[in-house]
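Please read them with the coordinates open.

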Amino acid sequence: MLMLRFPCAIAVFFIIVLAGALGLDAATPDLQVILPRGVQRGTEADLELRGNRLNDAQDILFFTPGITVKSWKVVNPQRVDCHVQVAKDAPIGEICTRLRSASGLSEVRTVYVGPFPILPEAKTNIDFEHPQPVTLNTTITGVVQNEQAQYFSVDLKKGQPLTVEVHGMRLGDDFDPYIAILNKKKYELAVSDDTALTMQDPVASIIAPDDGTYFIQLRDSSYRGGSQAHYLMHVGLYPRPRAVYPLGGQVGEQLTVHCINDAAGPFDQTIKLPDKPESMLDLIADHNGLLAPSPNFLRVSPFPNVLGSEPNNDPQHATVATGELPLALNGIIEKPNDVDFFRFKAHRGQPIDIRVYARALRSPLDSVIVLYNEKGNYIASNDDSGSPDSYIRFDPPADGQYLVSIYDQLHSGGPDYTYRIELTPVKPHIVLSIPQYNINSQERWTIPVPRGNRYATLIRATRSDFGGNVKLECPDLPPGVTMIAPDVSEITDVTPVVFEAKPDAPIGGKLCDLLAKPTNPKIDAASEYRQQIDLVIGINNQPMYKTYVHQIAVAATEEAPFTLHLEQPRVPLVQGGLMNLKVTAKRKAGFKNPISLRLLFQPPGTGAPGAVDLPGDKDEMLYPLNANTNSPLKKWKICVLGESDVSGQLWVSSELVEIEVAKPYVTGQIQMAAAEQGKPSQILCKLDQQEKFDGKAKVQLLGLPAGVVAEDKDITDADKEVIIPLKIDAKSPIGKHNSLFCRVTVMKDGQEIIHNLSHGVLRIDPPDVPKGKAQAVAKAAKPGANSRPLTRLEKLRQEEGSVH
């Protein structure tokens with residue numbers, strides 16, 4: 001799957017004061033689409049924001065600068081109209097946005113900035129005889145309906161290079177476009193469905209063989225379509241290189257790239273690279289005064305390039321990298337069965353990452369790399385590593401020269417099969433994200449904090465090449481909003497984070513940088529927030545098109561009709577035990593909606609219900625949390641998240657409280673037992689005292705079959721066993737019952753410390769016992785003066801022995 005990186009995440013937002021309130025309740029806004037799907041840089045445009053619960057919409061948060069809203073009108077809860085100014089230097093490409101309302105933050109939706117005037121489709125151009133005329137260097141926007149093909153015409157002079165590129169799936173819409181360029185005899189001069197550069201979107205080019213009119217057919221590749229099959233079709237003489245070489249450069253340098261597979265022929269373009277690394281820099285081809293409507297992609301790295309020098313098809317002719325690592329090796333697999341070799345220096349005790357960037361930068365190359373020692377002996381190889389790009393972690397056994405080769409997995413090749421191999425020292429790194437809450441959903445990937453209340457989310461810190469705790473920071477939150485973030489423990493990758501808004505916090509929001517660093521000051525690890533947004537989902541829930549955002553949206557919102565309080569436990573949760581957490585809801589007058597409660601974070605080795613409903617007529621409840629016998633002995637921060645339907649979903653969090661997972665005070669083993677229907681019996685539980693406790697603890701036998709009642713018993717910290725009497729009903733079910741367990745409750749500071757001891761087995765037999773066996777049992781059972789009564793199980797065992 002190809003991965004996108006979009007322009008630098010700089011928050012640009014505007015604040016709108018509505019002319020009048022609509023007087024409707026609202027919750028999380030649902031932004032579904034922005035129309036038209038594109039705007040031209042350097043112009044003004046009218047946009048429609050469509051969705052649900054938009055009646056209190058106030059802001060748009062742009063993840064990329066360049067668009068300013070000049071006016072704003074809430075038409076109804078399903079539509080907002082706005083007039084925007086697009087800067088002359090606005091970056092060409094996709095701009096991710098979120099809508100902010102007084103009560104929440106929307107999903108990520110996109111709008112596209114292009115270089116050409118944008119005109120609507122004619123809607124009558126659905127056959128070859130009635131094409132829509134198109135002026136060169138124009139973008140057409142429209143919708144392709146089911147089983148529909150649309151036709152366009154363009155006039156060309158002989159030798160002019162016509163290119164047609166379509167944005168369909170890259171708009172985040174479920175539309176897989178196909179285009180064909182035809183002559184007046186309907187002969188196909190060029191066709192396109194998918195390409196490496198444009199993924200599921202097409203781009204096709206021709207050199208006009210004669211003066212005349214040419215035709216463009218646009219349809220879905222499978223003749224699907226519908227009201228959501230939006231497109232932007234760019235028609236013109238603009239440059240459209242399918243590849244650039246090299247695929248990156250060093251920070252701050254002037255880099256000349258060779259633009260390949262353009263309809264008018266190759267050309268060079270020189271750009272100034274930014275002063276900081278970029279994993280995927282947009283490069284807009286600029287040639288003969290025209291700009292491409294979408295980017296090629298480069299990496300910007302803090303180390304120099306090595307360019308492959310042909311012929312380098314074998315170890316003897318390998319391109320030699322003379323400098324010390326880190327380095328970037330660049331080349332092209334120019335033809336089928338081509339192989340490129342590079343020679344580089346490495347040092348013992350200095351592990352390196354050897355990573356290919358090809359498909360990640362939209363090259364068609366499906367790489368395979370092979371690593372050799374100086375003599376050409378094989379060391380390691382790799383085809384794919386989580387993507388079609390290859391990767392090897394290499395720890396050199398000695399100082400010296402090493403070789404790496406690269407080729408296409410299918411032994412294909414061509415002028416656009418570009419690649420970049422980065423050889424870098426192993427460095428710690430942290431990637432932050434919010435875990436997915438619901439499949440195929442962006443739900444709860446924002447931070448809407450009701451005034452005078454709290455909101456909570458899990459933050460995942462994915463570590464690379466180091467261990468230990470991680471500290472989180474969010475240095476530039478909206479006014480009146482604070483973040484309480486426990487460290488991410490070394491034994492997990494997530495932590496609950498609570499955001500609080502003051503009662504007088506201004507309603508408003510922004511895009512914020514979320515940062516992380518190891519708590520160990522000796523570890524230097526870079527961090528980034530990177531949230532994958534799946535905009536189009538295919539079969540088997542696989543993303544067909546995705547983008548990434550690199551900032552987190554935080555907003556202070558209108559007051560919520562309830563708050564939550566989680567009582568701080570005064571006793572530990574013991575291994576193998578249970579704790580009932582007390583949750584209290586404070587409701588505003590008249591608010592009687594049920595609240596769905598869930599524990600946001602379950603510490604490792606613990607378990608809790610997925611959700612527990614607090615009915616509308618209740619204000620408190622006990623929420624169970626249990627620990628297994630191997631739970632790590634550690635203190636943790638937890639909170640409870642509440643969800644209620646307030647004209648849409650609304651979430652509120654409790655404060656963070658600390659729980660401690662501790663060793664149990666007592667453990668034990670339930671002995672096997674047997675009984676007869678209608679007769680009393682008993683069960684023996686052996687105890688192993690682990691910690692001293694004051695007073696007495698209550699022992700309960702639970703998990704009993706129907707008709708069996710156990711008497712509760714008390715123990716002290718000196719007892720080694722406890723015998724629990726049983727009353728067996730005459731109709732108790734016959735057979736083995738293996739669901740028994742002992743619950744031991746120790747009291748401390750007025751709170752219960754609940755232990756669940758091991759499971760046991762009770763066998764219930766029918767009352768009929770053969771006379772011979774009964775006599776054998778009586779003869780064998782002659783207890784002495786100091787002997788305790790035999791249990792039913794011991795009698796059965798003796799009975800078995802007398803028979804044999």
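Between which two strands does the loop that holds Asn 288 lie?

1. The model is predicted. In it, Asn 288 sits in the loop that runs between strand E26 (286-287) and strand E27 (290-291). Its phi is positive, about 55°, although the residue is not a glycine. Asn 288 is exposed: the relative accessible area is 67%, and the cut-off for exposed is over 50%.

2. Asn 137 is another non-glycine residue with a positive phi, here about 60°. Is Asn 137 buried or exposed? Asn 137 counts as buried because its relative accessible area is 19% and buried means under 20%.

3. Two cis peptide bonds deserve a check. One joins Leu 35 and Pro 36, with omega about -10°. Pro 36 belongs to the loop between strand E2 (30-35) and strand E3 (38-40).

4. The other cis peptide bond is the one joining Leu 325 and Pro 326, where omega is about 10°. Pro 326 is placed in the loop between strand E30 (319-320) and strand E31 (327-332).

5. Next, a sheet. Three strands form an open sheet in the order E40-E50-E45, and the pairing is mixed. Which strands stand at its edges? They are E40 (447-450) and E45 (508-512); each has a single partner strand, so one side of each has no neighbour in the sheet. From one strand to the next, the twist averages 15°.

6. Within that sheet, E40 and strand E50 (residues 552-557) run parallel and are joined by four bridges. Val 449 has Ala 556 as its bridge partner in E50.

7. Last, Thr 418, which is part of strand E38 (residues 418-425). How accessible is Thr 418, buried or exposed? Thr 418 is buried, with a relative accessible area of 2%; the class follows because buried means under 20%.

8. What does Thr 418 touch, leaving out residues up to four places away in sequence? Its contacts are Ala 243, Val 244, Tyr 245, Leu 247, Ile 260, Gly 331, Ile 332, Ala 358, Ser 363 and Leu 365. Among them, Gly 331 and Ile 332 fall in strand E31 (327-332).

Definitions and conventions
Residues are numbered from 1 along each chain as its sequence is written. This is a predicted model: local features need pLDDT of at least 70, side-chain atom pairs count only at pLDDT 80 or more; totals for chains, interfaces and linings use all residues. Side-chain values use heavy atoms; hydrogens and water are left out. Buried means under 20% relative accessible area, exposed over 50%, partly exposed in between (1.4 Å probe, protein chains only). Contact means heavy atoms within 4.5 Å. Two strands pair if DSSP finds at least two bridges between them. Axes are lines fitted to C-alpha atoms, for helices over the stretch in contact, and angles run from 0 to 180 degrees between N-to-C directions.
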